[in-house]
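Hi everyone, thanks for coming along. Let me put the structure up on the screen, and then I'll walk you through a few side-chain contacts and the ligand site.

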Amino acid sequence: MARIIGDPLPNIPWEDKPKGCKAPIWRYSGNPIIKRDAIPTSNSIFNSAVIRYKDGFAGVFRCDSKALSMDLFAGFSKDGINWDIEETPIQFIGEGKNPDEEQEFLKREYRYDPRICYLDGKYYITWCNGYHGPTIGVGYTYDFKTFYQIENAFLPYNRNGVLFPRKINGKYCMLSRPSDTGHTPFGDIFVSFSPDMVFWGKHRHVMGPIKDDRSAWQSTKIGAGPIPIETDEGWLLFYHGVITTCNGFVYRMGAALLDIDKPWKVKVRSRYYILGPEELYELAGDVPNVVFPCAALTDSATGRIAIYYGCADTVTGIAFTTVDETLNYIKKYPL
Ligand code: BMA
């Protein structure tokens with residue numbers, strides 16, 4: 001039995017595994033939980049992040065508008081399933097420490113694929129930030145009302161910046177995936193460290209795509225998903241893996257276990273994907289055949305995990321697992 005290290009969350013959204021289900025992960029029966037037009041101007045709401053907040057939940061949502069612009073919107077929920085999403089995008093402000101410099105990184109080109117990480121008493125948000133191409137934007141909030149933005153973490157081009165929920169060996173720690181300006185046909189996950197959330201270095205390779213048919217679903221590129229989950233066996237990382245088919249990219253989800261002190265060391269990694277596009281809302285949408293996890297809620301008392309994922313770049317769904325279901329599966333079928 002593996003143990004999640006963290007707080008209990010008795011009100012985690014949850015459904016028991018359906019009888020006869022052989023997979024380590026199962027979908028919420030009410031999926032998709034967020035429809036594409038949940039706010040009046042949205043074309044699609046997907047690849048979004050949620051976190052426990054006060055006695056309920058808060059989130060930062062990727063809402064692409066009917067102009068097909070990409071921006072981040074705050075939202076709140078009592079149960080993690082029914083969400084109220086604000087109709088105006090988050091306006092990030094600087095910390096006021098150096099207003100001239102802040103004008104530079106506060107320029108808005110586009111924002112998408114947020115993650116939220118509670119760390120040092122702040123809710124940090126990382127996202128894919130347009131700054132002469134995609135890179136990793138960083139901001140934080142205390143209340144999901146006022147949002148501060150700080151320096152971009154990396155040079156362009158980069159995507160899927162995912163913070164760890166505590167310092168490791170005294171340093172902040174972030175996964176990311178260097179990329180290009182387009183629909184990148186490559187991609188490995190790296191980890192970087194920072195003393196202050198501004199200057200990032202000591203970059204280490206974590207893992208890359210698998211170029212042979214041991215695991216073809218992750219043969220083109222991979223990228224970190226939710227904030228890594230601390231367990232007594234290591235960091236449990238859910239990630240997306242992509243294959244290039246004659247119809248384009250197909251996005252699935254896998255899991256890996258990273259060393260707790262040296263998170264660039266992979267202890268176990270999925271050979272088989274654990275969630276792939278199978279339901280209609282995952283198979284059909286603005287970008288067909290995409291499941292894209294960006295957030296997970298965990299309950300340390302029961303080992304339950306609720307994963308929030310974008311479906312076909314159009315709507316948002318939840319899938320459930322437990323720390324044991326996932327770890328047992330990836331250990332049984334390792335790469
Ligand atoms: C990536 C990002 C994701 C998206 C995925 C599939 O490059 O744009 O937001 O889910 O492509 O279209």
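Let's start with Arg-62 and Asp-113, which form a salt bridge whose closest N and O atoms are 2.8 Å apart. By salt bridge I mean a side-chain nitrogen of Lys or Arg within 4 Å of a carboxyl oxygen of Asp or Glu. Arg-62 sits in strand S3 (residues 56-65) and Asp-113 in strand S7 (residues 111-119), so this pair ties together parts that are 51 residues apart in sequence. Strands and helices here are DSSP runs, numbered from the N terminus: E for strands, with at least two residues, and H or I for helices, with at least four.

Before I go on, some housekeeping: this is a predicted model, where local features need pLDDT of at least 70 and side-chain atom pairs count only at pLDDT 80 or more, while totals for chains, interfaces and linings use all residues. Residues are numbered from 1 along each chain as its sequence is written, and side-chain values use heavy atoms, with hydrogens and water left out.

So, are the two partners buried or exposed? Arg-62 counts as buried, because its relative accessibility is 8%, and Asp-113 is buried too, at 9%. The cut-offs are under 20% relative accessible area for buried, over 50% for exposed, and partly exposed in between, with a 1.4 Å probe and protein chains only.

Leaving out residues up to four places away in sequence, Arg-62 touches, among others, Phe-46, Asn-47, Met-70, Leu-72 and Tyr-112; contact means heavy atoms within 4.5 Å.

Now to the ligand. Which residues surround the ligand? They are Asn-47, Arg-62, Asp-113, Tyr-251, Val-287, Val-290, Phe-292 and Asp-313, where being near means having a heavy atom within 4 Å. By class, the shell divides into four nonpolar, one polar and three charged residues. In that scheme, Ala, Val, Leu, Ile, Met, Phe, Trp, Tyr, Cys and Pro are nonpolar, Asp, Glu, Lys and Arg are charged, and the others, Gly among them, are polar.

On to distances. A polar side-chain atom of Arg-62 lies 2.7 Å from a ligand oxygen, and one of Asn-47 lies 2.8 Å from a ligand oxygen. For Tyr-251, a side-chain N or O atom is 3.1 Å from an oxygen of the ligand. Of the 310 Å² of accessible area that the ligand has on its own, the protein covers 87%; areas come from the Shrake-Rupley method with a 1.4 Å probe, and for residues only the protein chains shown count as cover.

Back to salt bridges: how many are there in the whole structure? The search finds 14. One joins the side chains of Arg-36 and Asp-286, at 3.0 Å from N to O. That pair links distant parts of the chain, 250 residues apart, with Arg-36 in the loop between strands S1 (26-27) and S2 (42-53), and Asp-286 in the loop between helix H2 (280-283) and strand S20 (291-299). Arg-36 is partly exposed at 29% relative accessibility, and so is Asp-286 at 42%.

Glu-95 and Lys-97 form a salt bridge as well, with their closest N and O atoms 3.4 Å apart. Glu-95 is partly exposed at 28%, whereas Lys-97 counts as exposed at 68%. There's also a network of salt bridges linking Arg-27, Glu-278 and Glu-282.

Conventions:
Polar contact = N/O pair within 3.5 Å; in protein donor to acceptor, adjacent residues only side chain to side chain.
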